[in-house]
Amino acid sequence: MELYELTLQQLIKELESKRTNAQAIMTAVMGRINEVDGKVQAFLTLNQTAAMEKAAEFDRQPWPGVIAGIPFAVKDNYCTRGVKTTCASKMLEDFIPPYDAAVVEKLHGAGGILAGKLNMDEFAMGCSTETSAFFPSHNPWDLERVPGGSSGGAAAAVAADEIPLALVSDTGGSARQPASYCGVVGLKPTYGRVSRRGIVAYASSLDQAGIISKDVADAALVLGIIAGHDPRDSTSEKKEVPDYSTVLTTDIKGLKIGYPREYFQQAEGNVGTAVKKALLEFEKMGAIVEEVSLPHSEYALPAYYIIGPAEASSNMGRFDGIRYGQRDNSAENVAELISGSRQRGFGPEVKRRIILGTYVLSSGKYEKYYLQALKVRRLIRDDFTGVFNDYDVIIAPTTPNTAFKIGENASDLITSYRSDIFTVPVNMAGLPAISVPCGLVGGLPVGMQIIAKPFAETTLLNTAYAFEQATDHHQLKPDLGVR
Amino acid sequence: MSKEFETVIGLEVHAELKTDTKIFCGCKTAFGAEPNTQICPLCSGFPGALPVLNKKVVELSIKTGLALNAEIAAHCQFDRKNYFYPDLPSAYQVSQLFLPICLNGYLDIEAEGEKKRIRINRAHMEEDAGKLIHEGTITTTSFSLVDLNRAGVPLLEIVSEPDMRSAQEARIYLEKLRSILLFAQVSDARMEEGSIRCDANVSVRRRGEEKLGVRTEIKNLNSFKALERAIEYEARRHREVIEDGGTLIQETRTWDDEKGITRSMRSKEEAEDYRYFPDLDIPPIYIDPAWVEEIKKTLPEMPEQAQQRLRDDYDLPEYDAAIITATPYSLQFFDRCVALYPEAKTVSNWMMGELSRLLNQHNMEIQQCLIAPDMLADLLKLIDDGTISGKMAKNVFEEMFASGNSPARIIKEQGMVQITDEDVLGEIIAGVIQNNPGVVDDYKSGKEKARGFLVGQVMKATKGQANPAAVQKILKDLLN
């Protein structure tokens, strides 16, 4: 096996046993990126020179840390000190933050080396990376298809063996949906489990840091690094962080799994079938699998498209061309400067959500839309709480379909938005969830979503780990036609 | 004041809370620093930065609420007020609309000899915006610069009910509020530095009518005087429009202090829709009643309690007590001085007389003046022991005010010791009598005024250093 194909755990072993060194790993990763990224287009910025120097430094004098000497990449909405952070938007085309996001700090603290920044939908608004102001990324399983979104670059990069680990954000499914489409693992922790500081905000009450990795053990390892209270993010919880990685077990005997009727009704037949087959695996392992109901599921997506844009309309206000970012220098006055900069800086999907959000918060509409959506959110949360009284985890398809073709949904936004129908409710309820590969349909990966109670990441990861150990779906690799 | 109409006024006062650091980040709040030297990613609106609430802001807000007899909410939250302006880096101001920290307070004022209670609807925490610096004036400037040092400085907005009925009442309310903020030690409350700012809502209605008239909001009121003048102007304007059969429109107006007029800024229709909604980056705040009790214990003496103490302990007239307790600085001056010189009424007279005259003349406040309380006490003792006369003391006091030197030093340096020696005085007085035979005749024929003239002549001859009592006595002896 090539170095770039290895998981984090395997790379750690290789380094520990001195069979390889950090430069060899970084060289392999950069080589792989050079080889395939012309097709996949997962990266927006490569940190090649700095990363190679850092790897050499590590080899001269290794530093400690869980992922010491190992490359990682982050979605381009994570602020990285001295490295361009564009959010895949013209607005921030040349923006270089003066600080690192909390999660990036932690990965540096664990000894990792930043290899580059990954493509995404503009400001994380989209389901396919097609709203990226620069270019869409391509699904390694079928280059004519989208890798999903908004963290499509991250999922594609991990699936194409360009990088062993990617940090992403997940507001409505942005970690899980692309992981599902690309056949990799996508983890969204509980809201408040991981600091949001330094992640460019889309919707503050829904955003959470996420992990895209090659397998569940790697996701557990990384969650252990990035989780925990951050005094500079008031919404991060002061809860103890278990050592997720060492408590991983395949023993899930007696685990109570609920599978929601509504989700399977909405999924395409063969996608539902693939996940049902996975459920049989769980029964074989001694889990109790029963059908449950989440009756308000169908309202989650419309409510999400009120709450998300409402918060986004406010969070996007700071991009006014005054202090940084795109600036309309032809403006004659302040009003023109602000509107001109925003006009040029934002793409159509971002503008659409700003306008939508501005509308639902405006006088007279607030009660009718925003407050109503908050009520729906409460009902969705109650649905989950009800099921979790009797069940340990909920399992459903991550997406109703497999990856769609680039441009296929260009004129049909609703269909595009619908690829998030199973992931959005989880953000609305602030729950932890993971997407793991559970087979192929028509040559394209299908993801199984496991959802757990708030802060029950251990249960979540164990369930996913048990499945992964019992099957080999995660070992399937796309053929990119090289070598 | 028109007899037919009544003016109705409510005030919105923004008080800057006295904290070392800003409301949501660790940047300093000091006034007057070089532009953009007290900023960070959060208060300059960089992406990814998140707010962390400064506990001191909550504490000072609770303290203010208690001083204003308000209820402290057990649960409050922050909301975003969204609008675009270059001095507002995140394009929203974090404020409290839906659940403010203080509700239903009041403060009592006294206007034209009558006591009156002004209700306070609410007080809420919010962040200040930055400042624009224009080249020249705002209309002619070719560019503007943004200084964000002030962005994120904590404010408490205190909103009264429309309970005031004259410009004078409004001024007295604002003075009283300022005094309470100072006594509670929650704000520097300096109007000239903008650490308290005031907007006035003004309407008029025919007397006896219950319905409020159309109201206008006046901004840019930078002094007590501006507040009073602007309200008077605006109320007159309203009356004239109504009397002429016109219609008033609800709008925001700005006070032009130079021209003495208000000018329309924007009408209700043009008013921005701020799209308030909860700020979800800041978790809701739950206030422990035990904490409120603790803060209550730290609340210093408030002006009304101090007034009562001055009347009870020193038998001071209500008027004196009210003036001395106008600010904690003047009360402190009084208390310290009286501790050294127990004749409270004399201290009060000097404070309200000479000291206040000089402060007004130099447009200063008592805490800025060079005279310390012990210096005034020393001066009063020197009058009592006959070293100097009351008249001389006034000159010494002026010199103290100008130089900050002790009275003993001034007296010594200027050779200002009082002349009490009867032989020395007798000689001088004899000379005065000789030089003013006509006046002496008048005096002898019973004209009291004439004696005053003669005393004055003696004082003139001694450069005010003659002991007045001794002069009176010797004059009497020599002339009778």
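This is a predicted model: local features need pLDDT of at least 70, side-chain atom pairs count only at pLDDT 80 or more; totals for chains, interfaces and linings use all residues.
Q: How do helix 2 and helix 3 of chain A cross, and at what angle?

A: The general idea is that angles over 145 degrees count as roughly antiparallel. In this structure, the axes of helix 2 (residues 22–40) of chain A and helix 3 (residues 48–60) of chain A come within 8 Å and cross at roughly 160°, which means that helix 2 of chain A is roughly antiparallel to helix 3 of chain A.

Q: Which residues make the contact, and of what class are they?

A: Helix 2 of chain A contributes Ala22(A), Gln23(A), Met26(A) and Met30(A), while the residues from helix 3 of chain A include Ala51(A), Met52(A) and Phe58(A). By class, this contact has eight nonpolar, two polar and one charged residues.

Q: What is the order of the strands in the sheet of chain A, and which strands lie at its edges?

A: In chain A, 11 strands form an open sheet with mixed pairing, in the order 1-3-2-4-6-5-10-11-9-7-8. Its edge strands, each pairing on one side only, are strand 1 (43–46) and strand 8 (288–292) of chain A, and the twist averages 30° from one strand to the next.

Q: Where does helix 3 of chain A pack on the sheet?

A: Helix 3 of chain A touches strand 1, strand 2 (71–75) and strand 3 (113–118) of chain A, and its direction makes about 160° with that of strand 3 of chain A.

Q: How many residues of chain B are in contact with chain A?

A: The size of an interface is often given as the accessible area lost when the parts come together. Counted by residues here, 25 of chain B are in contact with 31 of chain A, and the side of chain B that touches chain A has 16 nonpolar, five polar and four charged residues.

Key
Residues are numbered from 1 along each chain as its sequence is written. Chains are lettered from A and ligands numbered from 1 in the order in which they are written. Axes are lines fitted to C-alpha atoms, for helices over the stretch in contact, and angles run from 0 to 180 degrees between N-to-C directions. Helices (H or I, at least four residues) and strands (E, at least two) are DSSP runs, numbered from the N terminus. Angles under 35 degrees count as roughly parallel, over 145 as roughly antiparallel, 65 to 115 as roughly perpendicular and the rest as oblique. Two residues are in contact if their C-beta atoms, placed from the backbone, lie within 7 Å. Ala, Val, Leu, Ile, Met, Phe, Trp, Tyr, Cys and Pro count as nonpolar, Asp, Glu, Lys and Arg as charged, and the others, Gly among them, as polar. Two strands pair if DSSP finds at least two bridges between them.
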